[in-house]
Amino acid sequence: MKVKRIVSDVFTPDLNAADVFYRDILNLDLLMDHGWIRTYGSSELMTVQLSFASEGGSGTAVPDLSIEVDDVNEAWEKFTNAGFGIEYGPVDEPWGVRRFYVRDPFGKLINILSHL
């Protein structure tokens, strides 16, 4: 058996709430909309990873989701300009990433990062 895909499902009564965070800022495509579920994604080839942690590193909370971007500073600027509160960073971590934490519209703690 081979794992083909891993999908994160988040409950929300307001499907539109994902648009600004995931589509407008992170530039993910709306891949599917059945009225009761919307799926955002990218045709970009990505590595599948599942992480299990006792902390988020540097004494931070474990994030619900980590999203690697090509320019963490640009992402930080877009989230800040859109009014999303940054909870940590941006900071260069000793393990070779620059990152920040932001909460999505559903209260999920998102780790936005780029490798240095």
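My entries follow, one topic at a time.

**Ground rules**

I am working with a predicted model, where local features need pLDDT of at least 70 and side-chain atom pairs count only at pLDDT 80 or more, while totals for chains, interfaces and linings use all residues. Residues are numbered from 1 along each chain as its sequence is written, and side-chain values use heavy atoms, with hydrogens and water left out.

**The record**

I looked up the UniProt entry, which is unreviewed, and found "domain: VOC" listed for residues 2–115. Its positions are in the numbering used here, the feature name is shortened, and the annotation may be inferred rather than shown by experiment. In the model, the span 2–115 is 16% helix and 30% strand, and its end C-alpha atoms lie 28 Å apart. I take helices (H or I, at least four residues) and strands (E, at least two) as DSSP runs, numbered from the N terminus.

**The nonpolar core**

Next I asked which residues have the most contacts inside the largest nonpolar core. They are Phe-21, Tyr-22, Leu-26, Phe-79, Val-102 and Ile-112, in a core of 16 residues. At least two residues each come from α1 (18–25), α2 (72–81), β5 (97–103) and β6 (109–115). Helix α1 gives the largest share, four residues. A core here is a set of buried Ala, Val, Leu, Ile, Met, Phe, Trp, Tyr and Cys residues joined through side-chain atoms within 4.5 Å. Buried means under 20% relative accessible area, exposed means over 50%, and partly exposed is in between (1.4 Å probe, protein chains only). I noted a general point too: in soluble globular proteins, nonpolar side chains tend to be buried together.

Contact means heavy atoms within 4.5 Å.

**Helix α1 and what comes after**

I checked which residues of α1 are buried, and they are Ala-18, Asp-19, Phe-21, Tyr-22 and Ile-25. Their cover includes β2, β3, α2, β5 and β6.

Just after α1, Asn-27 takes a positive phi of about 60°. Asn-27 sits in the loop between α1 and β1. I count Asn-27 as exposed because its relative accessibility is 51%. Beyond four places in sequence, Asn-27 touches Tyr-22 and Lys-78. Asn-27 and Asp-71 are 44 residues apart along the chain, with 13 Å between their C-alpha atoms.

**Salt bridges**

How many salt bridges does the whole structure hold? The search finds eight, each being a side-chain nitrogen of Lys or Arg within 4 Å of a carboxyl oxygen of Asp or Glu.

I started with Asp-19 and Arg-38, whose side chains meet at 3.6 Å, N to O. This pair links distant parts of the chain, with Asp-19 in helix α1 and Arg-38 in strand β2, 19 residues apart. Asp-19 is buried at 14% relative accessible area, whereas Arg-38 is partly exposed at 23%.

Arg-38 also forms a salt bridge with Asp-33, where the closest N and O atoms are 3.2 Å apart. Asp-33 is partly exposed at 39%. Arg-23 pairs with Asp-24 at 2.8 Å between the closest N and O atoms. I put Asp-19, Arg-23, Asp-24, Asp-33 and Arg-38 down as linked in a network of salt bridges.

**Leu-30**

Leu-30 belongs to strand β1 (residues 29–33). Is Leu-30 exposed or partly exposed? It counts as partly exposed because its relative accessibility is 42%. Leu-30 touches Arg-38, Thr-39 and Tyr-40, not counting residues up to four places away in sequence.

**A nonpolar patch**

Met-1, Val-3, Ile-6, Val-48, Leu-50 and Phe-52 make a nonpolar patch of about 790 Å². Patches are made of residues with over 30% relative accessible area and no salt bridge, nonpolar side chains (Val, Leu, Ile, Met, Phe, Trp, Tyr) being joined within 5 Å and like charges within 9 Å. The areas come from the Shrake-Rupley method with a 1.4 Å probe, and for residues only the protein chains shown count as cover. Leu-50 lies in the loop between β2 (38–41) and β3 (65–68), and Leu-50 is exposed at 58% relative accessible area.
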